Amino acid sequence: MDRFSERVAAAEAVVNRGKPDGVGWQGRRQVEYHERALRTARFSMEVAMRRPLLTFVLISFLLPPVFGARAASGEVATQAYALPAGGGPHDVAVGADGIVWYTAQRSGQLGRLDPASRKVDLISLGPGAAPHGVIIGPDGAPWVTEGGTNSIVRVDPRTREVHRWSLPEARGYVNLNTATFDKRGRVWFTGQNGVYGRLDPASGEMQVWDAPRGRGPYGITTTPGGDIYYASLAGSHIARVDPDTGAATTIEPPTRGQGARRVWSDSRGRIWVSEWNSGNVSRYDPQTKEWKAWKLPGDSPRAYAVYVDERDKVWLSEWSANAIVRFDPETETFEAFPSDRPGANVRQILGRAGEVWAPESGTDRLVVYRTK
Amino acid sequence: MWLLAAGAVTAAWLPRTGADPARRGERVFQRCFACHSVVAGEDGLPGPNLRGVIGRRAGTLPGFRFSPAMIEQGARGLVWTRATLDAYLADPAGFLPGTEMAMPGLSVADDRRDVIDYLQRSSQQSSPTPRRTP
């Protein structure tokens, strides 16, 4: 099957899957996307059949630069891994050994996927657990922001032992969200009810601070230089946290009420922000204090997750189009990778060199985008 | 309504005995606090203001950008009653596929009852206190 035929068959399969009654709005958007792709592919086939000479000329003179550009940015191969049903994978993290950990928020477990064997193990995080975030620590272990039990959790990757640091009881329920490690091995975390905090695993000391503008702290990241930044979804700003004093300084994105949801740093310490309300991806340069923002493609985009890969390409999840989007800051162009299932609902992205992982909370799958 | 905050399947950390019903509901609402308010005029949060939610048609609060799924269900006649709220809070994604509310659900019926009581009571008060409770 040639390239065009494959594309037509794939698009037809998706379009036909979406036709029965009961398909949701996300399904319809995905069907519309593939119908457009189908029309383009059919038109290309007609041209190729009716105008072979023209097609040859086009292929000879036009396609090499296009494919050259793709090769430079890297072809992307996608692979999906089915997980046990009902877990609702919220966040994902891949270790240096290639093992992938994910939070099964709905079932209160931490999942472990071995991509080589496709084997999935589930580790219970205890009664009342509803884990939100997971990251890999400098010790190679998965660390979890355990929203259900108001605690930071480490799971030993070998013994599967669960170790828990509870937040001070006086703080009440903080709705723990995401964590990041600083350069001194301490865990920084956000609580959506209006706090951020720091845990030193070596001493067990935990400090929790009120966020400057109350509710909202969501995504958090560490720059290569060791600075800590978090995003405030409800507060529509980002904040830089002094790793020594814990003081947070708010920084205003240029778009009012943008809903800064998650943050990630590129190799130069510039902060990339996924803006839920505005549908923008924006970038803050701490050196120049300058912002720049780009609107994601589509009629009414919503940018949920953001992750910057080892080549400083920016990956986002676009909720409205049910797609992962890659943004190239050099060319300022977007490339969309729609999910092959409606309602993927990707809430976070994380990876390692050559791999970008996205948990599809709505389909109980982990999807990897391989860029090597 | 969408992001009643990422919370647990049960508010296991809450003291369920000895606390007065009003206090229990307010504490369960901490699961919702990050995204919702019951204070009149406190808008601009990730979720819609829940003051007066009972009796409201789904997806119709002026000024809030609801998911297409929520708007569609409202157009089909979904109205928030104690019963529909209870079903939604028990399993948001199952009750309303396409909802943007991230919370996995409150599996304990008492928690749902308490928080619905709180929403109902707060809507009747002239000015409930906006606060994060310990």
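Analyst: Two strands pair if DSSP finds at least two bridges between them. Strands (E, at least two residues) and helices (H or I, at least four residues) are DSSP runs, numbered from the N terminus. This is a predicted model, in which local features need pLDDT of at least 70, side-chain atom pairs count only at pLDDT 80 or more, and totals for chains, interfaces and linings use all residues. Residues are numbered from 1 along each chain as its sequence is written, while chains are lettered from A and ligands numbered from 1 in the order in which they are written.

User: In what order do the strands of the open sheet in chain A lie?

Analyst: Strands of a sheet pair through backbone hydrogen bonds, either parallel or antiparallel. Here 4 strands of chain A, in the order S18-S19-S20-S21, form an open sheet with antiparallel pairing. S18 (260–265) and S21 (290–295) are its edge strands, each pairing on one side only.

User: Over how many bridges do S20(A) and S21(A) pair?

Analyst: S20(A), residues 280–285, and S21(A) share 6 bridges in the antiparallel sense. Among the bridge partners, Asn280(A) has Lys295(A) in S21(A).

User: Which residues of Leu316(A)'s surroundings does Leu316(A) touch?

Analyst: Contact means C-beta atoms, placed from the backbone, within 7 Å. Not counting residues up to four places away in sequence, Leu316(A) touches Ser274(A), Val281(A), Leu296(A), Ala303(A), Ala305(A), Val306(A), Val325(A) and Phe327(A).

User: What covers the buried residues of H3(B)?

Analyst: A residue is buried if 20 or more other C-beta atoms lie within 10 Å of its own, exposed if 12 or fewer, and partly exposed in between, with C-beta atoms placed from the backbone. In H3(B), residues 82–90, Leu85(B), Tyr88(B) and Leu89(B) are buried. The cover includes H4 (92–95) and H5 (109–124) of chain B.

Key
Two residues are in contact if their C-beta atoms, placed from the backbone, lie within 7 Å.
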